[in-house]
Amino acid sequence: MIAWPESLPQCPAREFQLVPINGQADAEEQLSPYRVRTYPEHSATFSFKALSTEEMQALRTFYDLTLNQCAPFTAPWLPQCGLEHHFCQCSGPPTIERTGTHWSVSLPVVIYSGVPMDEAGNITYGERE
Amino acid sequence: MAIWPESLPCPRQNSCSVTLGENALHRTMQSGQKEVRRYGSAAPDLWTLNFLLLKAHHEYGDQTKIFAQFYRNDLNFGVNWFSAAWIAAQLGYPDHLAKLVEYPVTQFYGLSYHDVSAKVIIQKASAIKADTSWPVANVA
């Protein structure tokens with residue numbers, strides 16, 4: 001999977017919100033209780049502020065060419081949010097704004113869950129802490 | 001290919017916005033998850049730029065007239081693509097061309113200067129074909 005480049009900011013502005021989506025297998029089904037998923041998707045918008053023109057273009061090029069506007073990628077700040085085995089996919093083009101002498105880029109993503117594994121490669125899914 | 005005149009300024013830095021072109025198709029599946037795939041690369045980036053044009057520039061004179069002539073003659077009212085140094089230097093696009101879409105909106109400020117707001121699409125030069133030219137007689 002494509003990794004977030006080290007040449008780009010390694011952490012977005014810490015003012016994003018993770019909104020869980022698709023948590024229920026079928027919201028319309030009349031079952032009690034609702035079937036829920038352990039790791040639902042999350043939607044979020046990550047903002048990167050005070051970027052130079054080169055950094056802004058590097059981020060735009062990463063979205064347009066490296067990701068081809070649709071490829072999933074891993075992000076280094078997700079484990080810090082408690083999402084160790086998750087990855088992202090852009091849900092739309094980034095929004096770019098001029099703020100004074102620098103640029104501010106907002107990247108809308110959907111965060112998916114991978115398979116949680118330990119260092120030996122064993123699946124740790126379902127273990128209780 | 002038209003070239004942005006040296007007598008015209010580059011866009012104002014503190015008032016530009018962009019809507020990036022999206023070439024991805026989204027499909028929502030029954031589970032609620034979305035399938036995303038790229039379909040082509042034709043969608044350009046749409047920028048809204050502002051230009052401050054002086055009526056009496058100390059070196060170039062009436063920049064508003066220069067811009068009007070450039071828009072009418074060289075750009076053929078926005079039909080033709082043009083190259084400009086500020087596309088790379090200010091916006092960071094290498095090897096890209098620009099094109100005005102919609103008529104530029106001019107805000108008059110007395111007799112000193114005009115504030116022109118223009119929507120510009122920027123696309124890779126390799127994806128752009130030659131300008132269309134129409135045989136026009138008696139063009140001043």
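Entry 1, the pocket. I began with α1(A), which gives the most to the lining of the largest pocket, with six residues. Helices here are DSSP runs (H or I, at least four residues), strands are E runs of at least two, and both are numbered from the N terminus. The model is predicted: local features need pLDDT of at least 70, side-chain atom pairs count only at pLDDT 80 or more, and totals for chains, interfaces and linings use all residues. Residues are numbered from 1 along each chain as its sequence is written, chains are lettered from A and ligands numbered from 1 in the order written, and side-chain values use heavy atoms, without hydrogens and water.

I read a volume of about 390 Å³ for the largest pocket. Its lining has 24 residues; Arg60(A), Asp64(A), Leu65(A), His96(B) and Lys124(B) lie nearest the centre. Two or more lining residues come from each of α1 (53-66) of chain A and β8 (113-124) of chain B. By class I noted nine nonpolar, ten polar and five charged residues. My pocket rule: on a 1 Å grid over the protein atoms alone, an open set of points with protein on both sides within 12 Å along at least five of seven lines; lining residues have an atom within 4 Å of a point.

The cut-off is a side-chain nitrogen of Lys or Arg within 4 Å of a carboxyl oxygen of Asp or Glu. Arg60(A) pairs with Asp64(A), with closest N and O atoms 4.0 Å apart. The two are four residues apart in helix α1 of chain A, so about one helical turn separates them.

I logged a network of salt bridges linking Arg60(A), Asp64(A), Arg38(B) and Asp45(B).

What is the N to O distance between Glu35(B) and Arg27(B)? I read 3.0 Å for this salt bridge. Glu35(B) counts as partly exposed at 34% relative accessibility, and Arg27(B) as partly exposed at 46%.

Conventions
On a 1 Å grid over the protein atoms alone, a cavity is a set of points where a 1.4 Å probe fits but cannot get out, and a pocket is an open set with protein on both sides within 12 Å along at least five of seven lines; lining residues have an atom within 4 Å of a point. Grid points are joined across faces, edges and corners, and a volume is the space filled by probe spheres set on the points. Ala, Val, Leu, Ile, Met, Phe, Trp, Tyr, Cys and Pro count as nonpolar, Asp, Glu, Lys and Arg as charged, and the others, Gly among them, as polar. Buried means under 20% relative accessible area, exposed over 50%, partly exposed in between (1.4 Å probe, protein chains only).
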